[in-house]
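Here is a briefing on one protein model. It covers sheets, helix packing, aromatic pairs and backbone details.

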Amino acid sequence: MSFTPFALEEWQSRYEHSVDYNLADSGCHPVALGELLGDDPDAVRRLLAIELHYPPVGGTDPLRALIADWHGAEAGNVLVTVGAAEANAITVAGLVSPGDHVVVMEPGYRQVRGLALNAGAEVDAFPLDPGNGWRPDLAALESVVRPDTKLIAITNPNNPVGTILTASELEAVVAVAERVGAWVLADEVYRGTERLTDEITPSLWGGYDKLVCVGSLSKAFGLPGLRLGWLVAPPAMVEAAWRHHEYATIATSMLSMHLAEVALRSRDRLLTRNRALIRDGYDRLSRWVADSNGLLSVVPPQSTALAFVRYDLPLTSAEVADALRTEGSVLVGAGEHFGIESHLRITHGLEPHYLTAALTNITKVLRNYQA
């Protein structure tokens, strides 16, 4: 069986620490440990008193309860994982076998697609339509789903375009899945990154009985370095995923679990902090796009710290991204890494001076390639 590499993560792991400006990451400027703990001497004391033993494999009871509250679930529906990446991986491992059929949303973060292909599945995509504000093409979903479809994977809010699916769109996805008995994997790591409202995107949890919701602290909470995520699923699915979890990682770290509890108890403060970065960053990026004289365009994202920027150059997205890296010392995501060409994924939820300098470098490089 051939192996499909994870092209986006390979690109980032090779180059993200060798450029002056990393706009390929998919979250906000990270929260510092002191900022997370705040001015609370007892918080520091509790952190220093932690014994670095093996933690509970499925997550501490308080942490599972806090995650359950975030999704409107019960603690027994939660399994704590090493990032959302592990949650996605063990979900696919538990559900997908050789010869199965999987449907994914594109453009999208292509982890589930690659995992399914590497499991020997057949994978089809249904599109988000750029001509309709990156709304999902539900007719295309209807046409691509088959009686033997095992899994439909969505990301809500979406990476890379920032679309938030409406209640009726989510109901349509569930109706298609229910018709053929497929599972739905809802990657919800960007809940809480809304740009236009302070209302948190509702979780799909409770909307279907064959559902796995995935989340993490990396995006809305600004804590990617903790490498802590989770899945929320029916108890039988949690147990099945737990068995895969024991092979894959056993558990995330005791320190990460402790700090995750702190973060989820402080979630309003962290969400407010990161939404401010997202909103300011997109304002800066949109002005930059407007000043490009037609070289660049973007459909305004509803959520995330990301913009999926279209460029008007006779070059592939990989060629443009490599030129930005080598000539401008800026790393961005190439559109081909998300299933669509002539686009770049640019992270904007960053400190203003850093973002402005990076965008200036991008402009200088792109101008060199204009006819």
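In which loop is Pro 160 found? Pro 160 is in the loop between S6 and helix H8 (167-180). The peptide bond that joins Asn 159 and Pro 160 is cis, with omega about 25 degrees.

This is a predicted model: local features need pLDDT of at least 70, side-chain atom pairs count only at pLDDT 80 or more, and totals for chains, interfaces and linings use all residues. Residues are numbered from 1 along each chain as its sequence is written, and side-chain values use heavy atoms, with hydrogens and water left out. Helices (H or I, at least four residues) and strands (E, at least two) are DSSP runs, numbered from the N terminus.

**Eight-stranded sheet**

- Strands of a sheet pair through backbone hydrogen bonds, either parallel or antiparallel. Here two strands pair if DSSP finds at least two bridges between them.
- Eight strands make an open sheet with mixed pairing, in the order S2-S9-S8-S7-S6-S3-S4-S5. Its edge strands are S2 (78-81) and S5 (135-136), each of which pairs on one side only.
- Strand S7 (residues 183-187) runs parallel to strand S8 (residues 211-216), and four bridges join them. Asp 187 stands opposite Val 214 in S8.
- Helix H6 (residues 111-118) packs on the sheet and touches S3 (101-106), S4 (122-129), S6 (149-155) and S7. The direction of H6 makes about 160 degrees with that of S3.
- Helix H4 (residues 61-71) lies across S2, S8 and S9 (229-232). H4 runs at about 110 degrees to S2.

**Four-stranded sheet**

- A four-stranded open sheet has the order S10-S11-S14-S13 and antiparallel pairing. S10 (296-298) and S13 (333-334) are at the edges with a single partner strand each, so one side of each has no neighbour in the sheet.
- Five bridges pair strand S11 (residues 306-311) with strand S14 (residues 343-347) in the antiparallel sense. Leu 306 has Thr 347 in S14 as its bridge partner.

**Helix packing**

- Two packed helices are described by the angle between their axes and the distance between the axes. Axes are lines fitted to C-alpha atoms, for helices over the stretch in contact, and angles run from 0 to 180 degrees between N-to-C directions.
- Angles under 35 degrees count as roughly parallel, over 145 as roughly antiparallel, 65 to 115 as roughly perpendicular and the rest as oblique. A crossing is left-handed if the near helix is turned anticlockwise from the far one by less than a right angle, and right-handed if clockwise.
- Contact means heavy atoms within 4.5 Å. Ala, Val, Leu, Ile, Met, Phe, Trp, Tyr, Cys and Pro count as nonpolar, Asp, Glu, Lys and Arg as charged, and the others, Gly among them, as polar.
- H11 (residues 267-290) packs with H13 (residues 352-367) at about 20 degrees, with axes 11 Å apart. H11 and H13 are therefore roughly parallel. Their crossing is right-handed.
- On the H11 side, the residues that meet H13 include Asp 280, Arg 284 and Trp 288; on the H13 side they include Leu 355, Leu 359 and Ile 362. The contact of H11 with H13 has six nonpolar, three polar and two charged residues.
- H5 (residues 83-95) packs with H9 (residues 235-248) at about 115 degrees, with axes 9 Å apart. That makes H5 roughly perpendicular to H9. Their crossing is right-handed.
- Among the H5 residues that meet H9 are Glu 86 and Ile 90; the H9 partners include His 244 and His 245. By class, the contact of H5 with H9 has six nonpolar, four polar and one charged residues.
- H5 and H6 pack at about 35 degrees, with axes 10 Å apart. This crossing is also right-handed.
- Ala 85, Asn 88, Ala 89 and Val 92 in H5 meet Gln 111, Val 112, Leu 115 and Ala 116 in H6. That contact divides into six nonpolar, two polar and no charged residues.

**Aromatic pairs**

- Rings of Phe, Tyr and Trp (its six-membered ring) pair if their centres lie within 6.5 Å; planes under 30 degrees apart count as stacked, over 60 as edge-to-face and the rest as tilted. The count is six aromatic pairs.
- The ring centres of Tyr 21 and Tyr 354 are 5.2 Å apart and the planes are at 70 degrees, so this pair is edge-to-face. Tyr 21 is in strand S1 (residues 21-22) and Tyr 354 in H13, so the pair ties together parts 333 residues apart in sequence.

**Backbone details**

- Most residues other than glycine have a negative phi, and most peptide bonds are trans.
- Glu 106 and Pro 107 are joined by a cis peptide bond, with omega about 5 degrees. Pro 107 is in the loop between S3 and H6.
- Trp 134 has a positive phi, near 60 degrees. Trp 134 lies in the loop between S4 and S5.
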